[in-house]
Amino acid sequence: MPRQPHFAPRARRIIQLFMPGGPSHVDTFDYKPDIAKFAGQRPKEVDFKSLRNTKGGLLKSPFGFKQYGQSGKWVSDLFPHVGECVDDICFVHSMFTDIPEHASGIMMMNVGHLQPVRPSMGSWLVYGLGTENQNLPGFVSMCPRAEPRGGIANWGNSSFPASMAAAM
């Protein structure tokens, strides 16, 4: 059975929308004006070798951005209604990887490593926050398409107790 958390958590619930194959971060909530400035070019700072053709240069977002809320968060014109409640949303922009392709990036996001031998982020959240109901799973994963690289390890519990695994 899940135990009580080690410390009283400040968060009560977390909803993570992880949408591989969804819209690009630079088209949604990650305003980067220098991309427009260097559109069509390949500045040295971004001239990484990758598995894809990089000769076309940078592509600027076709969408405009505006600042919203007290935080002044930049939000794409795609989401004007999200902009109205932007101060109630947590945006994490500090994560990065030098892995230039989606499949490995999915593992890095969910497990924090390229090898599927670590507890997933959901398992860590159940470990840290506990659960409100012993009869329901602490977190749920919905994956409508074929499983990504790493399969269930993206939502698995690895060395944590089975009570910290995802319900799928």
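This is a predicted model: local features need pLDDT of at least 70, side-chain atom pairs count only at pLDDT 80 or more; totals for chains, interfaces and linings use all residues.
Residues are numbered from 1 along each chain as its sequence is written, and side-chain values use heavy atoms, with hydrogens and water left out.

**View 1. The hairpin of S1 and S2.** Strand S1 (residues 65-68) and strand S2 (residues 73-76) run antiparallel, joined by four bridges. Strands here are DSSP runs of E with at least two residues, helices are runs of H or I with at least four, and both are numbered from the N terminus; two strands pair if DSSP finds at least two bridges between them. Four residues sit between the strands, and Gly69 takes a positive phi near 65°.

**View 2. Lys73 and the ring of Phe91.** The charged end of Lys73 sits over this ring, 4.7 Å from its centre (the rule: NZ of Lys or CZ of Arg within 6 Å of the ring centre and within 35 degrees of the ring normal). Phe91 also belongs to a cluster with Phe29 and Phe79, linked by ring pairs.

**View 3. Rings around Tyr127.** Rings of Phe, Tyr and Trp (its six-membered ring) pair if their centres lie within 6.5 Å; planes under 30 degrees apart are stacked, over 60 edge-to-face, and the rest tilted. That rule gives seven aromatic pairs. One of them is Trp124 with Tyr127, which is edge-to-face because the planes are at 90°, with the centres 5.6 Å apart. The two are three residues apart in helix H4, so about one helical turn separates them. Trp124 is partly exposed at 46% relative accessible area, and Tyr127 is partly exposed too, at 30%. (Buried means under 20%, exposed over 50%, partly exposed in between, with a 1.4 Å probe and protein chains only.) Tyr127 also stacks with Phe160, 5.2 Å centre to centre and 25° between the planes. Phe160 lies in the segment after H4, so this pair ties together parts 33 residues apart in sequence. Phe160 itself is buried, at 15%.

**View 4. Ser120, in the loop between helix H3 (102-111) and helix H4 (121-129).** Ser120 counts as buried because its relative accessibility is 1%. A polar atom of its side chain lies 2.9 Å from the backbone oxygen of Gly156. Beyond its neighbours within four places in sequence, Ser120 is in contact (heavy atoms within 4.5 Å) with residues including Asn110, Phe139 and Trp155.

Methods. A polar contact is a pair of N or O atoms within 3.5 Å; within protein, one must be able to donate a hydrogen and the other to accept it, and residues adjacent in sequence count only if both atoms are side-chain atoms.
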